[in-house]
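I wanted to go through this structure with some care and to keep a record of what I looked up. These are my entries, in the order in which I made them.

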Amino acid sequence: MTGAIAVSRGQALAYRVAAQGLHRDGTTVSGLAVLDIGVQEAMGQPAALAFAARLPETAPLGPGKTAIGPGHRLALAWSLRGAPHVHRRRDLDALTGALWPLSEPDAAGRLNESGPSIRRSGISALDQFAAARDTMREVVRAPMSKGDASAEVSKRLPKPMLRECRACKTSHISDSAMRAAFLAAGLEMAPGTSPPVLRPRAGAAAPAEADLAALTELALRYLALLGPATVGEFAGYLEARRADVARAWPDDLAQVSVDGRTAFLPAGRLAALRDAPAPELVRLLGPFDPYLQARDRDLIVPDKTVHKTLWPVLGRPGAVFVDGEVVGVWRTKSSGPKLTVTVEAFAPLAPSTWSLLENEAQRVAEVRGATDVAVRRKD
């Protein structure tokens, strides 16, 4: 590691803004830097919103404008934290190895099982992960709904791996197990399907253990986009144990002091940190935007009183981002072809900022396929 350098909070955030392409300095979707770690998807098209926040003004937006799925450069898969993410297809094999359970406790965590429940089953967490992987790979040989896949997989698994489901009035493989083993089973999801349609990924690798080198590379990518950061923050991002993740922590890192807090950055990124341009921009960041995925939330938003508003357990809003600061939240409501974007600012905003927010709302409308948009201020 190189000697420590001191930077301010503002410098660190300016670096992240530039590293993630929020200056819209010109690229295609597949060339966006944030795809180095993947972009989370959910209802409301947060992945497309993340792309729109970073693409040039002339980029085509709207439904169907981003090609995702079989035959395309991008793929949708349950991956990080078991959540659906858009990834570059070429990254999926390495990501599979990087997200393989690193220990028995790590496997139990990914399966969302406690130690006692694993012991009662008589099957180790690592063996349960392997059984889910093998069975899902065996069952899903053609496009299949999640429900059908779950039913067929459940017929073939040992009974101790099944969980009682009141909604289904039956016992089946847990949702956590399906998500955790998804990449290792060589699968991807068909975009825009609800319930999800699972399908085999052509040519998918079939690893049998964790790939620490791939995990190290993923850590470097995380640090390049969301650094300076710590090993604990990266472990939190993965929802993995710090002790396990530390085994793959990169060596060639620079130690950085951010307002007295020690963190790390790839040594080759120090110049970009020092020279990051001022983030003089206005953006409507969608829910789950990569910028908001960093685990050092106190750095992103020092005012802890708004953390629950910005990062609630359910119903996460978008973030109003002005000159490097989160200054409010936003939500949408659709009525036919019209989209209303309601902005709740944490403090008064300048008239020029509201004008720029209207431009950003138009991009949100394009992503959602709306032909008319209005911005409403919430007092």
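I began with Ile118, which is buried because its relative accessible area is 9%, where buried means under 20%, exposed over 50% and partly exposed in between (1.4 Å probe, protein chains only). Ile118 lies in helix H5; helices (H or I, at least four residues) and strands (E, at least two) are DSSP runs, numbered from the N terminus.

I noted what I was working with: the model is predicted, so local features need pLDDT of at least 70 and side-chain atom pairs count only at pLDDT 80 or more, while totals for chains, interfaces and linings use all residues. Residues are numbered from 1 along each chain as its sequence is written, and side-chain values use heavy atoms, with hydrogens and water left out.

**Salt bridges**

I took a salt bridge to be a side-chain nitrogen of Lys or Arg within 4 Å of a carboxyl oxygen of Asp or Glu, and by this rule the count comes to 24.

I looked at Glu113 and Arg163, which form a salt bridge with their closest N and O atoms 2.8 Å apart. Glu113 is in the loop between helix H4 (104–110) and helix H5 (115–121), whereas Arg163 is in strand S6 (residues 162–165), so this pair ties together parts that are 50 residues apart in sequence. Glu113 counts as buried at 16% relative accessibility, while Arg163 is partly exposed at 22%.

Next I checked Arg89, whose salt bridge with Glu188 has its closest N and O atoms 2.9 Å apart. This pair links distant parts of the chain, 99 residues apart, with Arg89 in the loop between strand S4 (84–88) and helix H3 (92–98) and Glu188 in strand S8 (residues 187–189). Glu188 is buried, with a relative accessible area of 2%.

Which residues are linked in a network of salt bridges? I found Asp36, Arg88, Asp91, Glu217 and Arg221 linked in this way. Within it, Arg88 and Asp91 have their closest N and O atoms 3.7 Å apart, and both residues are buried.

**Two helices**

I turned to helix H1 (residues 9–19), where eight of the eleven residues are buried, so the helix is largely enclosed by the rest of the structure. The buried ones are Arg9, Ala12, Leu13, Ala14, Tyr15, Arg16, Val17 and Ala19. After H1 comes Gly21, with a positive phi near 80°.

The 15 residues of H6 should span 21 Å, and the end C-alpha atoms are 21 Å apart, which agrees. Its buried residues include Ala125, Phe129, Ala132, Arg133, Met136 and Val139.

**Backbone exceptions**

I kept in mind that most residues other than glycine have a negative phi, and that most peptide bonds are trans.

Asn112 has a positive phi of about 60° although it is not a glycine; Asn112 lies in the loop between H4 and H5 and counts as exposed at 60% relative accessibility. Asp259 is not a glycine, yet its phi is positive too, at about 50°. Asp259 lies in the loop between strand S10 (253–258) and strand S11 (261–266), and is exposed, with a relative accessible area of 55%.

Where did I find cis peptide bonds? One runs from Ser194 to Pro195, with omega near 0°, and Pro195 lies in the loop between S8 and strand S9 (197–200). Another runs from Gly227 to Pro228, with omega near -5°, and Pro228 lies in the loop between helix H9 (212–226) and helix H10 (231–238).

**A charged patch**

My last entry concerns Arg331, Lys333, Arg376 and Lys378, which gather in a patch of positive charge on the surface. Patches are made of residues with over 30% relative accessible area and no salt bridge, like charges being joined within 9 Å and nonpolar side chains (Val, Leu, Ile, Met, Phe, Trp, Tyr) within 5 Å. Of these four I looked up Arg376, which is found in strand S16 (residues 372–377) and counts as partly exposed at 45% relative accessibility.

Key:
Areas by Shrake-Rupley, 256 points an atom, 1.4 Å probe, with all protein chains shown as cover. Lys, Arg positive; Asp, Glu negative; His and termini not counted. Charge placed at Lys NZ, Arg CZ, Asp CG, Glu CD. Expected span 1.5 Å × (residues − 1).
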